[in-house]
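Student: I would like to go through the terms used for this structure and see what each rests on. Please show it first.

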Amino acid sequence: MKPLVYDTILNARKENRTLLALLIDPDKENWNHLEEVIGLANQADVDLCFVGGSLLTQNNLESCLDQIRIESDIPTVIFPGSIQQISETADALLFLSVISGRNPELLIGNHVVSAPLLKPLDIEIISTGYMIIDGGKPTTVSYISNTHPIPHNKPDIAAATALAGEMIGMKLIYLDCGSGADQPVSEEMVGRVRLAVEAPIIVGGGIKSPEKAAALAKAGADVIVIGNAFENDSSLIASISEAVHQAKK
Ligand code: 1GP
């Protein structure tokens, strides 16, 4: 039996290791490329496979999860952009509350609608305080969420928001500049959030190099999430995986 995804992340945190998550947007991948990417992720010991997107216009979530399951043992985690993105084929689902924003639907409304649908499913639900950080340009998530991102240079706001999320009971904190952001979350912000909370911290959005991934891991990220950079250049999977896994050694 596979270990629970949350336990995997918590153990990494306790052992001072950072995990790498490959983000697959089921709308964007063409299937041949997906096979290659999953093969490279297997070889590079990628730890988690996040699946989802802020705006999915095709109905590919289920087939994408199926394909990953056939070709890999990497645990799959739904990173839902909407309440339509639910499937029992995944190992876990991030139950996201957009705590950086003040949109009641994304703080509790969608949760009320989706909780009864999730309850009967055999899937691990992980409550996650999701924080959208300004990454230099509007991203799909900042537009679709109808919220203001936390300014890039305001680590204190990020730390206070993460602390509030943890006090409310959220088990993970996710700092995200959004898919394809010009600049990722700063090391300073990750460091401030690290000092503020005990909960594991996920960092994503706009990370494109092994150096940046390693720097964010050293600053305190427990999981680094990368989508676009791997989609554009799958050879980065091996080098970024090594950089993330070695960062705290
Ligand atoms: C976005 O954190 C993810 O929600 C990953 O972003 O696609 O820019 O790597 P990228």
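Tutor: Start with Thr18, which sits in the loop between helix 1 (5-14) and strand 1 (19-24). Helices (H or I, at least four residues) and strands (E, at least two) are DSSP runs, numbered from the N terminus. The model is a predicted one, where local features need pLDDT of at least 70, side-chain atom pairs count only at pLDDT 80 or more, and totals for chains, interfaces and linings use all residues. Residues are numbered from 1 along each chain as its sequence is written, and side-chain values use heavy atoms, with hydrogens and water left out.

Student: Why is Thr18 called buried?

Tutor: Buried means under 20% relative accessible area, exposed over 50%, and partly exposed in between (1.4 Å probe, protein chains only). Thr18 has 2% relative accessibility, so Thr18 counts as buried.

Student: What makes the pair Thr18 and Lys248 a polar contact?

Tutor: A polar contact is a pair of N or O atoms within 3.5 Å; within protein, one must be able to donate a hydrogen and the other to accept it, and residues adjacent in sequence count only if both atoms are side-chain atoms. The side chains of Thr18 and Lys248 make such a contact at 2.8 Å. A polar side-chain atom of Thr18 also lies 2.9 Å from the backbone oxygen of Ala221.

Student: Is His111 buried or exposed?

Tutor: His111 belongs to helix 4 (residues 104-118). The relative accessibility of His111 is 9%, so the residue counts as buried. The side chain of His111 is joined to that of Ser97 by a polar contact of 3.1 Å.

Student: Why is Asn16 called partly exposed?

Tutor: Asn16 has a relative accessible area of 46%, so the label is partly exposed. Asn16 lies in the loop between helix 1 and strand 1.

Student: And what makes Asp45 exposed?

Tutor: Asp45 reaches 52% relative accessibility, so Asp45 counts as exposed. The place of Asp45 is the loop between helix 2 (31-43) and strand 2 (48-51).

Student: What is there to say about phi in Asn16 and in Asp45?

Tutor: Most residues other than glycine have a negative phi. Asn16 is not a glycine, yet has a positive phi of about 60 degrees. Asp45, also not a glycine, has a positive phi of about 55 degrees.

Student: How far is a polar side-chain atom of Asp176 from an oxygen atom of the ligand?

Tutor: That distance is 2.5 Å. For Ser179, an N or O atom in the side chain is 3.0 Å from a ligand oxygen.
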